[in-house]
Amino acid sequence: MVETKIKNQVIEVTIWATGVLQDAEGRDTANCIAAAAAQEGKHVQAFDNYVDLPDRVNVPVRKYARISSEEIQEKYLYENDHPNIVVLVEPSLIKGYNILRGMPEGGILILNTDRDPEELLKFVPNKELLRAIATVDAKVDEKIVDDFMDIEGASAKTLGRGIGAVLAGAVAKVSGEYTLESLKKVVQNKEGAQKGYDSVKIKQL
Amino acid sequence: MSKPKIPKEKQLPEGLIVDCPKTEQEQMTTGGWRILRSVIDQDECTHCRVCWINCPDAAISVDESGDMKINLKYCKGCGICAATCTVGAISRVPELDFDEVVVYRDLPY
Amino acid sequence: MKGEKKFLAGLAAVAEAAKLADVDVISSFPIRPYTGLMVDLSLKVANGELDAEFVHAEGEHGQLAIVHGASASGARTMTGSSGVGVTYAFETYSPISGGRCPVQMVIADRTLDPPGDFGSEHSDVLCARDQGWIMGWAETPQEALDNTLIYYRLGEDKRVALPQFNCQDGYFVSHIPGDVVVPEQSQVNEFLPPYKLDKPLDPLRPYGHGPQIYSDQGPVLELQRAIVMDKAKEIIPGIMDDFKRIFGRKYDPFIEDYNPNNAEVCLFINGAHAHTARYAIANLKSQGVNLALCKLRFVRPWATDEIAEALSRYKVVGVIETNNSFGVAREAGVFTPEVAATLYDLPENKRPMLISFMAGLGGEAIRLKDFYFMAKKLINTAQRKKLEKPVYWIGFEEDEEDLTF
Amino acid sequence: MSDNTVILEEPIASVLKAPLEEQYVPGHRTCGGCGPALAYRLIAKAAGPNTIFLGPTGCMYVANTSYVCVPFAVPWMHTQITDGGGVASGVEAAYQAMIRKGKYKGDFPNIIVMGGDGGTSDIGLQAVSGAMYRNHDLLVISYDNESYANTGIQVSPMTPYGAATSFTPPGITIPEAKKFWPKDLTALIYYGHPMVKYVANATIGYPVDLMNKVRKALNKKGASFIHVHSACPKGWRFDASRTIEMAKLAIQTGMWINYEIDEGKKKLDHVPTKMKPVEEYLKTQGRFNHLRAEDVQKIQRFVDSKVAEARPVAARAV
């Protein structure tokens with residue numbers, strides 16, 4: 001039998017947001033993460049969950065970023081089946097959905113809230129999958145992207161203008177998949193990226 | 001030419017003709033969408049039914065005693081009820097303040 | 001044979017069948033040449049011969065929408081069109097077959113624009129051959145009448161539940177009368193049960209028709225339609241047996257293999273021109289030339305095994321393409337690639353050579369001499385055991401006048 | 001026309017008298033605060049169980065039936081966005097024939113097309129016009145959220161002048177965003193189709209009025225039409241809790257004029273004697289953020305003339 005390498009190693013990041021209010025921000029967060037990793041020569045993808053769209057006010061929407069040190073072989077998929085990192089742009093979604101679905105052990109959960117990570121852990125029935133839970137308050141004084149032109153299938157008009165930079169900064173700190181410097185090179189809101197990196201509250205599990 | 005059989009778990013009704021629900025579509029619970037939960041102060045409520053008639057999700061019902069009851073399985077938390085309440089008897093409280101989990105889904109849909 | 005003998009053109013014959021089938025809802029829009037069908041039906045409705053709702057649609061798209069809604073509600077329906085009318089309604093074809101509504105659409109072929117050409121070319125409805133509809137052509141008004149009843153029976157069968165294109169060549173079949181036996185109502189009642197839908201649009205039994213699906217459910221629905229198209233193939237022979245028993249007329253289920261003279265070469269043909277081809281075969285016999293004919297009865301479902309079996313008996317097959325498919329494989333019409341694929345799995349010694357004849361395009365008549373020319377090319381190829389040229393455009397070939405074999 | 005007709009009780013005197021039963025039940029993926037969903041619910045409530053809905057493609061198809069389930073207690077069928085009027089005509093024709101021929105024993109159903117503004121005023125207009133012209137016994141609803149919302153808010157003929165959509169962004173060359181004035185769909189339907197006995201403009205801001213108009217329309221023999229102004233938080237860019245406020249504000253500023261024409265008699269409903277300036281409406285919605293003072297004035301002039309035109313009773317001899 002010929003020995004075949006059958007697994008393509010890809011770090012999967014799944015971002016959950018609420019429709020309309022955070023659709024563009026969720027997409028932007030995925031774009032920021034992918035662009036930062038690309039700065040370091042990684043192979044990356046960022047895309048929307050197709051069936052979540054068209055988005056509706058308050059409907060959960062998922063955005064995906066994928067990072068790999070080698071070329072991504074299965075590029076044309078609809079979903080991240082096994083997210084290593086999960087980011088909730090809207091923390092309330094933690095109550096309603098199995099946000100860690102498919103996560104391999106040792107995953108990371110980051111929520112956009114001013115609450116403490118411990119407080120939210122009670123809503124995660126499968127918390128044994130996590131190596132860390134973290135919270136970062138990205139919602140304060142950051143402008144929500146509010147523009148019709150930030151729509152699925154259209155080009156990204158900006159990168160990291162709003163809270164996406166803050167969340168991507170937090171992801172950099174908690175996961176170490178890319179550096180804050182790489183992130184700052186790609187986002188407009190450089191202060192936000194720094195703030196996310198500095199202010200994220202991490203609880204190691 | 002023989003075609004593969006469709007396994008039971010994948011089968012769909014021929015022509016995609018599906019059953020109608022009677023009172024609620026349980027395949028599509030939307031309570032998990034909610035960021036702010038509406039809470040009715042029953043002492044203030046005048047039973048005018050304005051919140052009930054204005055709910056796009058039919059998530060408010062009138063119980064036997066005439067009280068308005070919010071169906072948290074489906075309420076998306078839009079806040080129309082609070083905005084249109086004639087006596088300001090409905091407040092909106094962050095969902096995360098409640099320990100109670102009403103709907104928990106493996107997948108959004 | 002029971003029934004009343006009449007002298008009717010193809011569309012008038014279909015109108016008789018529609019009346020016998022007690023159609024409930026008809027939708028019309030004028031376009032030549034199929035219009036005559038609706039003229040006859042409107043009169044039958046006006047004078048009370050047929051109790052049906054006759055709805056004047058605002059276009060072919062509307063015509064199809066109307067029969068879609070009516071069929072989903074439990075009514076037996078008929079509509080029809082020609083040429084660009086057929087393509088205008090294109091959006092509706094897949095939703096109708098996907099919703100498994102067995103509407104019947106009568107087609108009297110007409111060349112697609114440009115420019116305005118009334119002639120019968122099959123390209124109009126052949127565009128829609130992949131939309132999940134039963135499809136086949138009638139050669140004569142009698143066959144048109146019979147096909148109407150056969151298609152309702154087939155399409156409304158619960159195991160199938162598919163819409164049908166009941167096609168005939170415009171003008172040639174639709175307008176030129178022939179002898180037709182119009183069967184008795186009792187015969188039709190025996191052959192064609194009333195249309196009964198399991199899940200109609202009915203407030204007494206509410207169902208939701210056609211919600212959105214996930215991407216991974218698409219294949220299931222596609223496979224369902226593929227399976228019932230297969231099922232149609234499975235039950236067609238039995239329906240033809242029943243038809244013969246009740247009406248006394250025999251139709252080959254899928255392919256009419258006409259080879260009275262043990263020929264080695266054969267024409268593969270669809271539609272009206274089979275009539276002339278049969279006379280060409282007889283005339284050539286008197287010259288010592290043997291030619292056979294395979295006439296297609298159903299384009300959908302395509303009977304791969306039966307067609308392969310029939311064509312495997314010949315050394316050379318000439319596919320007559322009364323349609324065009326610009327830039328297609330082998331650069332002829334839509335049948336050549338289908339026939340080639342059909343023959344592909346035959347062992348080499350049973351696989352005939354294939355020649356395409358572009359004939360009857362724009363509705364041009366195919367004359368006896370055209371068939372003689374085709375015969376010459378088939379026989380020459382058989383004798384030389386070598387394919388010199390895969391496609392001939394009738395009317396444009398240099399040696400068409402030379403009919404020496 | 002069939003004799004198996006059931007007459008719906010009208011009028012519904014107040015919210016307290018509205019039926020408690022829902023035909024459009026909870027469990028669907030429409031926006032939080034969705035105006036069209038509220039319209040659907042009120043229409044279904046008024047129509048009751050003996051109803052068949054036809055759903056041309058649009059938000060009220062895609063959001064309601066994603067995925068593989070429906071939120072309707074009554075029969076519903078998807079139609080293409082082009083052919084709601086056509087499919088409904090076919091359903092109506094089928095019931096006329098089947099009841100007459102003894103093939104169906106139930107009552108003649110209420111047949112309602114729930115078309116969006118695109119599915120009724122634009123790509124679906126031809127089919128709607130066909131149904132109206134032929135006077136099928138059915139009701140066409142245009143739930144008007146003033147855009148092709150399902151595909152991400154693209155301009156439709158009902159989009160107001162000056163509104164931004166994802167196909168009409170404001171820019172240096174086109175500062176006012178949308179450049180055309182919307183169609184007057186109700187007038188188009190009424191004055192273009194002489195057999196139509198009942199048309200109305202309604203809004204989710206006045207639910208009892210809407211429900212009564214639905215019942216009145218369904219109780220007519222023949223085709224009727226109701227244009228329902230349905231505020232859209234996603235497309236108009238306002239907070240979802242303000243849907244009803246937007247609907248009412250549209251009435252108060254003259255951006256929406258509620259009326260009915262019942263067998264030739266025109267009656268205005270809930271139209272204030274003194275209008276608020278349109279600016280009060282425009283400033284509440286993100287889609288008008290870019291408007292300059294001159295654009296607002298232009299819209300004000302347009303609305304003034306529409307209001308003036310609506311006021312006199314223009315009756316058609318029947």
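Me: Where in chain D is D:P11 placed?

Reply: D:P11 is in the segment before α1 (35–47) of chain D. The model is predicted, and local features need pLDDT of at least 70, side-chain atom pairs count only at pLDDT 80 or more, while totals for chains, interfaces and linings use all residues. Residues are numbered from 1 along each chain as its sequence is written, and chains are lettered from A and ligands numbered from 1 in the order in which they are written.

Me: What is the omega value of the peptide bond from D:E10 to D:P11?

Reply: Omega is near -5°, and the bond is cis. The peptide bond from A:L53 to A:P54 is also cis, with omega near -5°. A:P54 lies in the loop between β2 and β3 of chain A.

Me: What makes β1 of chain A a largely enclosed strand?

Reply: A residue is buried if 20 or more other C-beta atoms, placed from the backbone, lie within 10 Å of its own, exposed if 12 or fewer, and partly exposed in between. In strand β1 (residues 11–18) of chain A, 8 of the 8 residues are buried, and the strand is therefore largely enclosed by the rest of the structure. A:I11, A:V13, A:I15 and A:A17 point one way from β1(A), A:E12, A:T14, A:W16 and A:T18 point the other way, and all are buried. In a regular strand, side chains alternate between the two faces of the sheet.

Me: Why are β2 and β7 of chain A called edge strands?

Reply: The 7 strands form an open sheet in the order β2-β3-β1-β4-β5-β6-β7 (chain A), with mixed pairing. β2 (43–48) and β7 (201–204) of chain A each pair on one side only, and they are the edge strands. From one strand to the next, the twist averages 15°, the axes being lines fitted to C-alpha atoms, for helices over the stretch in contact, with angles from 0 to 180 degrees between N-to-C directions. Strand β6 (residues 130–136) of chain A pairs with β7(A) in the antiparallel sense over 4 bridges, and A:I133 has A:K203 as its bridge partner.

Me: Which helix of chain A packs on the sheet?

Reply: Helix α4 (residues 163–175) of chain A does so, touching β4 (85–88), β5 (107–112), β6 and β7 of chain A. Its direction makes about 150° with that of β5(A). Residues are in contact if their C-beta atoms, placed from the backbone, lie within 7 Å.

Me: Why is C:M38 counted as buried?

Reply: C:M38 has 25 C-beta neighbours inside 10 Å, and it therefore meets the threshold of 20 or more. C:M38 is in helix α2 (residues 35–46) of chain C. Not counting residues up to four places away in sequence, C:M38 touches C:S28 and C:G80.

Me: How many residues of chain C and of chain D take part in their contact?

Reply: The contact takes 39 residues from chain C and 44 residues from chain D. α3(C) gives the most to the side of chain C that touches chain D, with 9 residues.

Technical notes:
Contact = placed C-beta atoms within 7 Å. Helix = DSSP H or I, 4+ residues; strand = E, 2+ residues; numbered from the N terminus. Pairing = 2+ DSSP bridges.
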